[in-house]
Amino acid sequence: MSPADESLGPAPSSSDWKGHLEIRLGDLPGTRRPLTESHIVIGRAPGVQLTLDHYTVSRRHAELFCDPFGRWWIRDLGSTNGTLVNDERVNEKVLKPGDRIGIGDYILEFQLTARAPRVPLDPGGLHFEEDKPTAIRKLGELDPPRIAAKHLFTLMDLSRRLLSIEDATDRFDALCQLMVREDFHGSMALALRLRQNGALTILSGPHRPFQSLRREDSIAPPYISRRVLAAVQDTREPVLAGNLVSDSATVELTMSRDVMALWVVACPLRVEEQLMNLLYVTLPPDFGSVEWLGLIALAAEVYQQAESAWEARRHAQAHAAIERELEMAHQIQRTFVPKRLEFKALDVALGFEPCRWVGGDYVDIVPMPDGRLLLAVADVCGKGLQAALIGSSVHTMVRATVDAGRGITGMMDRLNAYLCEYLPEQSFVTMVAVALDPATGRMECVNAGHPPALVATSEGGLRHLQAAVNPALGIGLVPMEAHQSVLAPGEVLAMYTDGLTELRNSSKQMLGLHALGTGFAKLCAASAGRPVAAIADKLTQMLEEFRGDQLPEDDRAFLLARRT
């Protein structure tokens, strides 16, 4: 049972990661495309979510989608020129930060950034300068700086240190502390978070040189220029400002003279739509040159590269954990599928197609002590390892209760009581169980919130068994009611999960109960006298043709039975 339509809405907001594509075609300027939806079709046809208008791109070339665990996938949709990831042709693949996706002549670079953690506003005072500068210079406007070799070695050491510091706050501290070292000459350094509405948060600092720290400096609030903050927010580039006239005249007056003589360098560390993290450093009068702006900007870039490495490391670790969980869930789910399918006087066939992120579908056939056969299909609300473990519990309880000789209603009552006590909140299980006597065809059916079982005749007729009588399991202690019926010779019983009725095609249309039942009845009429396995194959083919290139969103399981 899939969560409600995750594939049709926005990308999960609870994810710790934000994705975007850097799109380039040859030497043309690139564009950035945020991944705000959870499903994006790429092609040159009108109406797709990402249009790449080029003859090398197919009309519906590929699709990007975010799975329930926050991982992004690329999947080729039968394109003419194929879809490449890092120059290797793929059918579908989980993406990692930095992967280069080839769509025709386009290159789409996939990037993920961790969402900025919530940081409480520093309660300490901040002194803002309401300055009215004449100009602020950006790094890109100045001549290339000359960086001394000793400073390059220092930045290489900073890079190694940042890669070894696990705590994000400690990495901010390491960067700011370097700025106030004797060889960098900073008189004060801060890491700040500036929001689009002007709200400011101190992430680290203020840091000052230890050897020149006076008591009044340690308690005085740092001077911060609103004009400098506005400039770096507007340009998103490193800027240099001062309240002195530079000897080279490359930087004009930009700050109030009421503050002691100083220079300010501000460099972006992280830029998002609504916020910016930045490094804010003040320098003595003798260090207001392009070389010091370039050096501090280079240190900020070293920090950014280290943060990218940490984000990639966290993403890889999270991805590995998800893969381990899904593999465990697959192993558990495989144990649900019955190994024995040969029973006296009954021809049975199963169809089981788990989706890649695993739900909790359960299909079983169990001999009962009174000679009947119990046919059961269940669906756990949820996904991943939790759903698989609940499915395993259902499997164990069904087998143990049947072996104890309880009837079908007693089994369902006991299973319901167990799930009411132990299921996690907001979880439940739908299930349909049929006790069938192969000799007489008599059936006793209990349906707990599950899609109705179907019975098709060899002439193309169709009827439904019990539905909408009992609630799903695990919701409340309600006595289960049973429905009596007979499976006549030649009739085919079908029990299934909502992975069939809620199957979607490429137009996002749902198959639905009516279309499933009509198609199933036609298949049974066309396959009269053939083994049930042939009907199962035809049903699977019908489902695949309806789905087309649409990615399956849920497990798909069904059980067919006919008296022999």
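Mentor: Strands (E, at least two residues) and helices (H or I, at least four) are DSSP runs, numbered from the N terminus. This is a predicted model, in which local features need pLDDT of at least 70 and side-chain atom pairs count only at pLDDT 80 or more, whereas totals for chains, interfaces and linings use all residues. Residues are numbered from 1 along each chain as its sequence is written, and side-chain values use heavy atoms, with hydrogens and water left out.

Trainee: How many helices and strands does the protein chain have, and what share of its residues is buried?

Mentor: The chain has 10 helices and 30 strands, and 50% of its 564 residues are buried, where buried means under 20% relative accessible area, exposed over 50%, and partly exposed in between (1.4 Å probe, protein chains only). Its accessible surface comes to about 26200 Å², with 51% belonging to carbon and sulfur atoms; such areas come from the Shrake-Rupley method with a 1.4 Å probe, and for residues only the protein chains shown count as cover.

Trainee: What share of the contacts between residues at least 6 apart in sequence joins residues at least 24 apart?

Mentor: With contact taken as heavy atoms within 4.5 Å, the share in the protein chain is 66%.

Trainee: Why is helix H1 called roughly antiparallel to helix H2?

Mentor: Axes are lines fitted to C-alpha atoms, for helices over the stretch in contact, and angles run from 0 to 180 degrees between N-to-C directions. The axes of H1 (residues 149-164) and H2 (residues 168-179) come within 10 Å and cross at roughly 165°. That makes H1 roughly antiparallel to H2, because angles over 145 degrees count as roughly antiparallel, those under 35 as roughly parallel, those from 65 to 115 as roughly perpendicular and the rest as oblique.

Trainee: What is the hand of the crossing of H1 and H2, and which residues meet there?

Mentor: H1 passes H2 in a right-handed crossing; a crossing is right-handed if the near helix is turned clockwise from the far one by less than a right angle, and left-handed if anticlockwise. From H1, Thr154, Leu155, Leu158, Arg161 and Leu162 meet Arg171, Ala174, Leu175 and Leu178 of H2. These residues divide into 6 nonpolar, 1 polar and 2 charged, where Ala, Val, Leu, Ile, Met, Phe, Trp, Tyr, Cys and Pro count as nonpolar, Asp, Glu, Lys and Arg as charged, and the others, Gly among them, as polar.

Trainee: How do you know that Thr154 is buried?

Mentor: Thr154, which has its place in helix H1, has a relative accessible area of 13% and is therefore buried. Leaving aside neighbours within four places in sequence, Thr154 is in contact with Leu178, Arg181, Asp183 and Phe184.

Trainee: Why are helices H9 and H10 called oblique to each other?

Mentor: H9 (residues 512-526) and H10 (residues 532-547) pack at an angle of about 140°, with their axes 10 Å apart, and they are therefore oblique to each other. H9 passes H10 in a right-handed crossing. Leu516, Gly519, Phe520, Leu523 and Cys524 of H9 make the contact with Ile535, Lys538, Leu539, Met542 and Leu543 of H10, and these residues divide into 8 nonpolar, 1 polar and 1 charged.

Trainee: Why does Leu84 count as partly exposed?

Mentor: Leu84, in strand E7 (residues 83-85), has a relative accessible area of 29% and therefore counts as partly exposed. Not counting residues up to four places away in sequence, Leu84 touches Arg89, Arg100, Ile101 and Gly102.

Trainee: Where is His185, and what is its phi?

Mentor: His185 is in the loop between H2 and strand E14 (188-195), and its phi is likewise near 70°, positive in a residue other than glycine. At 30% relative accessibility, His185 therefore counts as partly exposed.
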